[in-house]
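Subject: Structure handover and findings

Hello,

Here is the structure we spoke about. My notes on it follow below.

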Amino acid sequence: MSANRIVGVDLGTMFFQVAENKEGKINIKTTRNAFVELESSDDIEDVLKQNGWQYVKDGKRYYVIGEDSLRVAKMFPGKVELRRPLKDGVLNKGEDKKLLILNELIESSIGKAPDNNSVVCFCVSSESVDGSSDNTYHKARLQGIFKRLGWKTKVIEEGLAVILSERPVMVERDGSEALYSGIGISMGSGRINCVLSYKGLQIIGMSVARAGDYLDQKVSDQTDTPISQVISKKENLLDFESIDYNDDVIFALDAYYSSMIQYVFSIFAKKFAAVKSQFDVPLDIVVAGGTAMPNGFNKKISEVIAEMDLPFKVKEVRLSKDPRNSVVKGLLTQAIIYHRKNSNEEVKEKKQE
Amino acid sequence: MLIIANKSNKNIVISDLKLVIKKKQVLDLDKLNLHISPKSSKDLRILLSNGSLIQMNRSKIDTDSNKTADVPKNVNSDILVEMKKIIRSEISKQKPKNIVADNTNVIKAIQHLTNLVGKSSVSSGEKEKTEENYNIDVDIDEDKLVEIHAKKIERIAGLTERYVEYVEEESDNASVIDNVEELENML
């Protein structure tokens, strides 16, 4: 076989992930998609190396990146600002170092393509329904980074990556099964993406900005609690099967999660109405992403949407077994399919010649 | 509020705002988190002046039907032609010593003609003509756009050094490969 490399890359607002199929295993690399800038000094390189911090040096400027950026931000509160290359699921327009950092993450994780047939599949958000962002520029910029490194690119919408990874099944009226058919939802920190798919083909897609960061901010505002504490409680204590109503933050998180689910499904219902007639059997809903990780979240969704008048029936709300990695695995799946298709076409062309 | 519409069937790129306005899309630029103010965008001014983009909030004010009800059709274009003639003749009469006085005459002439027109500046016929110009092809080929970005990255990333590590995990590839096989058969 050839030495072509095939990878899926998920450039999330919170995490940067790469998945690659290597010797019968899926290898997933993850780092936090954040950085801080350090003031230049004579001994800065020594400080970075002594602490083992990950960094990028650009001329005389030093940027600590990944998980280490959080550590540095906590060590120097108010003195260094935690910065993010992405905001609301797209390139952060207010951040002038976003491309530098993203390029370094991409180059350090996948490097240059070994040949002309190596493939990267990455995802973008579906069309924004709350006017919050446009991803055309975002997509072209990322393609530019991969192209510079010699990769062929395939781009899909984030919700479809969940479908390709989680394999929802729709049972047709005649009893036959339509695989990869249902609703895929990716709940990240920047955006929530929803896609309706039929046999692996995207029918409709939409995204909203009311995602993890939005929830954290709202709860922080309402309870007068620092965001870091809200995130900590969300990640460690929030359990939808056992809500502690005496804890203001947990109580507020529960309320805002309900509101977010209602918001997402009410908008998705309007989009769905256009294709309603084709989907008159119950649908699987598969959910992935960091914001979907609290225990019992699938039950929470079921409870909230049971109270709503939706234009579709729900068969099951299922949480991904591997919510953090679901999107990047779906992207790898699509990358392999794209690579095989290209290879088959090349073989056909050669035969014709 | 700065509402901009792309009435064409092509995406339009406002380069210095790093913004793409999709075909038929309407956006309030003041609500976007742009890296420079849209009012200081040179590219936006050019696209507005050549009609590729339309400023919606201003055109609504300009086409207020109640205020233009008494103005005969096509009067505007006639008056505009007349206005140009008067301005040209006033300017040609100007001598260096009495520029201020002569400018006053030009301004008076313009004010007089403006009063004749009322507050409408564009007649319905002219509006149609203008709208024809909105379908100018200013879309950039996607491959070209990617190439432009690749060059930009090359400039940014030329002289960097790095030390980066990742949290790595491995899992069995069976589920991914099974999905690939199923999807290939279906698609």
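In which loop does Glu23(A) lie? Glu23(A) is in the loop between strand 2 (15-22) and strand 3 of chain A, where strands (E, at least two residues) and helices (H or I, at least four) are DSSP runs numbered from the N terminus.

On conventions: this is a predicted model, in which local features need pLDDT of at least 70 and side-chain atom pairs count only at pLDDT 80 or more, while totals for chains, interfaces and linings use all residues. Residues are numbered from 1 along each chain as its sequence is written, and chains are lettered from A and ligands numbered from 1 in the order in which they are written.

Positive phi

Phi of Glu23(A) is near 45°, a positive value in a residue other than glycine. Most residues other than glycine have a negative phi. Glu23(A) counts as exposed because it has 7 C-beta neighbours inside 10 Å; the cut-offs are 12 or fewer other C-beta atoms within 10 Å for exposed, 20 or more for buried, and partly exposed in between, with C-beta atoms placed from the backbone. Tyr180(A) also has a positive phi, near 55°, and lies in the loop between strand 12 (177-179) and strand 13 (182-187) of chain A. Tyr180(A) is buried, with 24 other C-beta atoms within 10 Å.

Chain contact

The contact (C-beta atoms, placed from the backbone, within 7 Å) takes 47 residues from chain A and 40 residues from chain B. On the chain A side, helix 4 (136-148) gives the largest share, nine residues.

Sheets

Strands pair if DSSP finds at least two bridges between them. Strand 5 of chain A and strand 6 (residues 160-163) of chain B run antiparallel, joined by four bridges; there, Lys57(A) has Glu161(B) as its bridge partner. An open sheet of six strands, with mixed pairing, has the order 10(A)-9(A)-1(A)-2(A)-3(A)-7(B). Its edge strands are strand 10 (152-157) of chain A and strand 7 (167-172) of chain B, each pairing on one side only. Strand 9 (residues 119-124) and strand 10 of chain A run parallel, with six bridges, and Cys121(A) stands opposite Lys154(A).

Leaving aside neighbours within four places in sequence, the contacts of Leu332(A) include Val7(A), Ile26(A) and Val176(B).

Regards

Conventions:
Contact = placed C-beta atoms within 7 Å.
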